[in-house]
Amino acid sequence: MKQKKKVQEVEPKRPVDTYFEELDTNFQDPTNRMIQIIFLPLLFFGVMGCIWMIPFPQFEFLVKLNWHTFLNWGSFFIAVVIYFYLKLSATLSYAILFSIGAMSYFIVQLEYVQKNGGPAVIWVCLAIALLALAALYVGKGKEKKAISGKQFLQFLLIGPIWLWHFVFQKFNIRY
């Protein structure tokens with residue numbers, strides 16, 4: 001009786017894994033990694049806050065239902081982002097949703113500060129976004145291998161779940 005050789009099936013590579021591998025090869029400088037950990041979430045927060053503050057039309061039926069306070073352009077931004085990440089990795093999209101919830105809380109707190117005479121939320125978020133973008137651009141320059149503009153933009157889009165995937169790896173959570 002012949003024994004059959006066990007053929008090890010290789011799972012096809014998911015698009016999210018391909019993105020992560022590309023980001024890992026292009027972003028290896030330890031100083032740049034620290035910059036990314038700090039400033040990538042700040043950039044996301046700043047962009048989300050700026051989009052949140054774009055005036056949204058007040059539809060009468062939303063006002064009657066008292067939903068006008070919950071619906072803004074930030075809601076649409078969040079929906080698109082979650083859908084995009086959900087298509088890449090459901091588990092990581094839940095982590096991003098958690099992050100977005102925390103960021104939303106702080107944006108609302110900034111709105112309260114603005115109502116009490118503080119600075120406008122849009123200017124605070126714009127300043128945070130520009131500072132974070134500048135820091136990420138400086139960090140990009142620390143890499144040994146030159147990174148194209150397309151790769152940098154891809155990093156900005158995929159970066160938030162890329163950071164979360166390190167947390168998931170640390171705790172051996174499958175994503």
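**View 1. The largest nonpolar core.** Of its 40 residues, Phe20, Met48, Ile100, Leu136, Phe155 and Ile161 touch the most other members. Such a core is a set of buried Ala, Val, Leu, Ile, Met, Phe, Trp, Tyr and Cys residues joined through side-chain atoms within 4.5 Å, buried being under 20% relative accessible area (1.4 Å probe, protein chains only). Two or more residues each come from α1 (15-26), α2, α4 (73-88), α5, α6 (121-141) and α7 (149-170). Helix α2 gives the largest share, nine residues. The model is predicted: local features need pLDDT of at least 70, side-chain atom pairs count only at pLDDT 80 or more, and totals for chains, interfaces and linings use all residues. Residues are numbered from 1 along each chain as its sequence is written, and side-chain values use heavy atoms, with hydrogens and water left out.

**View 2. Surroundings of Ile100.** Not counting residues up to four places away in sequence, Ile100 touches Phe44, Met48, Ile78, Val81 and Ile82; contact means heavy atoms within 4.5 Å.

**View 3. Helix α1 against α7.** The two axes (lines fitted to C-alpha atoms, for helices over the stretch in contact) come within 9 Å and cross at roughly 105°. Helix α1 is therefore roughly perpendicular to α7, a class covering 65 to 115 degrees. Val16, Tyr19, Phe20, Glu22, Leu23, Asp24 and Asn26 in α1 meet α7 residues including Phe155, Ile158, Ile161 and Trp162.

How values were computed
Buried means under 20% relative accessible area, exposed over 50%, partly exposed in between (1.4 Å probe, protein chains only). Helices (H or I, at least four residues) and strands (E, at least two) are DSSP runs, numbered from the N terminus. Axes are lines fitted to C-alpha atoms, for helices over the stretch in contact, and angles run from 0 to 180 degrees between N-to-C directions. Angles under 35 degrees count as roughly parallel, over 145 as roughly antiparallel, 65 to 115 as roughly perpendicular and the rest as oblique.
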